[in-house]
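Please read the following report on side-chain rings and helix packing alongside the sequence and the structure shown here.

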Amino acid sequence: MKKAVVFDLDGTLSDSIASMKYCGDRAVAPFGIGPFSVNDYKYFVGDGAANLVKRALIAGGDTELKHFDEAFALYKEYFTKYCMYRVVPYEGIPELLKELKARGIKIAVYSNKPHNQTIDVVETLFGKGYFDMLIGQREGKPIKPDPYGVFEIMEAFDLKPEDILYLGDTATDMKTGKASGAFTLGVLWGFRLRDELEEGGADAIISHPLEALNYLCE
């Protein structure tokens with residue numbers, strides 16, 4: 001039986017694409033770039049806020065990223081204010097979390113969203129102290145696909161890789177989970193498609209949160 005489940009945040013626990021589109025479009029608009037579609041943002045996101053802004057600028061023609069510093073500063077300013085803009089949990093997530101807690105399984109988040117916003121989103125959606133550990137992007141620490149955060153969680157819980165189930169919606173997540181040695185579940189309700197999850201090395205792929213319960217003994 002797995003002893004902990006580590007979740008990605010955006011596209012896995014929370015449907016947050018509207019917040020990132022809202023802030024991203026506002027950040028690049030002063031440079032005559034955008035707006036972009038929701039689907040565009042599903043491919044801009046996943047590797048941290050800086051990469052989101054870079055991808056938006058490049059898509060808008062700023063291939064040399066001449067406006068990156070200004071646009072990134074704007075994005076951070078907007079995201080501090082609007083990180084909860086139209087953010088909701090995915091259907092089935094609250095029920096999955098409730099069942100995991102009922103079984104005594106620890107739950108944690110490892111996200112490339114900035115750490116303070118990771119805390120804000122999780123605590124707003126699920127309540128303060130509901131999760132056992134939260135890790136977002138922090139200055140001086142590597143981001144996913146580096147498994148650094150998963151190893152931190154393992155150390156905090158005194159667990160081994162085989163004790164961990166890792167859920168995420170992108171190839172970055174699959175690479176993170178595999179690099180940590182955890183059993184890695186790709187989820188289809190998020191931002192990316194099955195092909196990407198398979199190519200990223202997912203051990204299994206699920207289409208509804210409660211299906212994760214079937215893999216607690218893997």
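Rings of Phe, Tyr and Trp (for Trp, its six-membered ring) are taken as a pair if their centres lie within 6.5 Å, with planes under 30 degrees apart counted as stacked, over 60 as edge-to-face and the rest as tilted. This is a predicted model, in which local features need pLDDT of at least 70 and side-chain atom pairs count only at pLDDT 80 or more, whereas totals for chains, interfaces and linings use all residues. Residues are numbered from 1 along each chain as its sequence is written, and side-chain values use heavy atoms, with hydrogens and water left out.

**Aromatic rings**

| Pair | Centre distance | Plane angle | Class |
|---|---|---|---|
| Phe36 and Tyr41 | 6.3 Å | 75 degrees | edge-to-face |
| Phe183 and Tyr215 | 5.9 Å | 25 degrees | stacked |

The pair of Phe183 and Tyr215 links distant parts of the chain, 32 residues apart, with Phe183 in strand 7 (residues 183-187) and Tyr215 in the segment after strand 8 (204-206); helices (H or I, at least four residues) and strands (E, at least two) are DSSP runs, numbered from the N terminus. Phe183 has a relative accessibility of 17% and therefore counts as buried, a term that means under 20% relative accessible area, with exposed over 50% and partly exposed in between (1.4 Å probe, protein chains only). Phe36 and Tyr41 are both buried.

One aromatic cluster is formed by Phe7, Phe126, Tyr130 and Phe131. Over the ring of Tyr130 sits the charged end of Lys101, 4.5 Å from the ring centre, where sitting over a ring requires NZ of Lys or CZ of Arg within 6 Å of the ring centre and within 35 degrees of the ring normal. The charged end of Lys144 likewise sits over the ring of Tyr110, 5.6 Å from its centre.

**Helices**

Helix 8 (residues 171-180) is largely enclosed by the rest of the structure, because seven of its 10 residues are buried. These buried residues are Ala171, Thr172, Asp173, Met174, Thr176, Gly177 and Ser180. What covers them includes strand 4 (106-114), helix 7 (148-157), strand 6 (164-168), strand 7 and helix 9 (194-199), with contact meaning heavy atoms within 4.5 Å. Just after helix 8, Gly181 takes a positive phi of about 90 degrees.
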